[in-house]
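Morning, everyone. Please look at the screen. I'll take you through a few spots, one by one.

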Amino acid sequence: MAADVIVVGSGPLGTAVARRLAEQGCQVLLLEQGPDLTEPRASHLRNAAAIRAQPDAFLPAAVRHLAFIDDSVPRDQLPGAAVTRAWGGQGVIWTNLCPRSDALWPALSDDQWEAYYHLAEDYLGVQTAGFESSARQHKIRRRLADYAAESGRSVTALPVAARFNPDDTMHYTAPHDMLVGRSQDRPQGERSRIVQRSGRADRLVVKGARVIAVDVAGEEIPAREVVVAGGAIGTPLLLHRSGIRPSALGRWLCYHPLYVTQMVLDPALCGPPGQADREK
């Protein structure tokens, strides 16, 4: 297909770029080398019926979809660094917690940060209001309030990229939801400007100082622009395979650690079995 822009990688960043470009009228080809893990494609693993019925099954299921960058050598450079090669990338297994940073990168003004945060939160469906009617949340916040006050802090609701289903279970936002969005608010035909294709980007085709195409299994797919959204690991690997090797490539990579905790609540904080936590 003829595309204005090829986006390599269907994770949250690649999907957001594809949607943003489609909103501007561009024809976008979204490439992903991994398989479908969920139905519909690129939806969150936690939305699957089996996980909703047994939430504790989510973490073991999610870990199976983490591919470490190289298990044949000691992890002495980026220990634990992993990628998720699948439609939706790590957006199908992410935590969906969306606090804003308290240390903004000064490359943008405060007003620009506010505008981009607002856009990202809109794409992700970030909200806190859905928990305001939660009896459990109010009890936990009251318990924590005194501890936080000792250090001059307060307890607020954590922003979550999710919404409540009619049965009071959570629907977690994933790249699928970012593409679908609120259809009534989207221009007619916008989603048709994004074509999804399965295939591994073997290399970027360079002419002079520009990338003019992406090689997928020997087929060179041309585009006016190419966006590589392969994450902190996949992006430099693709650039290196393509012979694009600036001095900074592979240096000072940033890969955040992931800590997973589970809170065991005092039964007094929970309602009786079978009773809904939220008031309608």
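Here is a question to begin with: is Asp167 buried, exposed or partly exposed? Keep in mind that this is a predicted model. Asp167 has a relative accessible area of 46%. Buried would need under 20%, and exposed over 50%. So Asp167 is partly exposed.

Now its partner. Asp167 makes a salt bridge with Arg52. The closest N and O atoms are 2.9 Å apart. This pair links distant parts of the chain, 115 residues apart. Asp167 sits in the loop between β6, residues 160–164, and β7, residues 170–172. Arg52 belongs to helix α2, residues 49–53. Arg52 is partly exposed too, with a relative accessible area of 35%.

Next pair. Which residue does Glu114 bridge to? The partner is Arg100, with the closest N and O atoms 2.8 Å apart. Glu114 is in helix α4, residues 110–124, while Arg100 is in the loop between β4, residues 82–83, and α4. So this bridge ties together parts that are 14 residues apart in sequence. Glu114 counts as partly exposed, at 43% relative accessibility. Arg100 is partly exposed as well, at 35%.

A third pair. The side chains of Arg143 and Asp266 meet in a salt bridge, 3.7 Å from N to O. Here the two residues are 123 apart, and the pair links distant parts of the chain. Find Arg143 in helix α5, residues 135–149. Asp266 is in the segment after α7, and α7 spans residues 231–241. Arg143 is partly exposed, at 45% relative accessibility. Asp266 is partly exposed, with a relative accessible area of 35%.

How many salt bridges does the count come to? Twelve. There is also a network of them, which links Arg19, Arg20 and Glu23.

Where does Gly9 lie? Look at the loop between β1, residues 3–8, and α1, residues 12–23. Gly9 has a relative accessible area of 12%. The cut-off for buried is under 20%, so Gly9 is buried.

What does Gly9 touch, leaving aside residues up to four places away in sequence? The contacts are Gly14, Thr15, Leu30, Leu31, Glu32 and Ala229. One more distance for Gly9.

Notes. Residues are numbered from 1 along each chain as its sequence is written. This is a predicted model: local features need pLDDT of at least 70, side-chain atom pairs count only at pLDDT 80 or more; totals for chains, interfaces and linings use all residues. Side-chain values use heavy atoms; hydrogens and water are left out. Helices (H or I, at least four residues) and strands (E, at least two) are DSSP runs, numbered from the N terminus. Buried means under 20% relative accessible area, exposed over 50%, partly exposed in between (1.4 Å probe, protein chains only). Contact means heavy atoms within 4.5 Å. A salt bridge is a side-chain nitrogen of Lys or Arg within 4 Å of a carboxyl oxygen of Asp or Glu.
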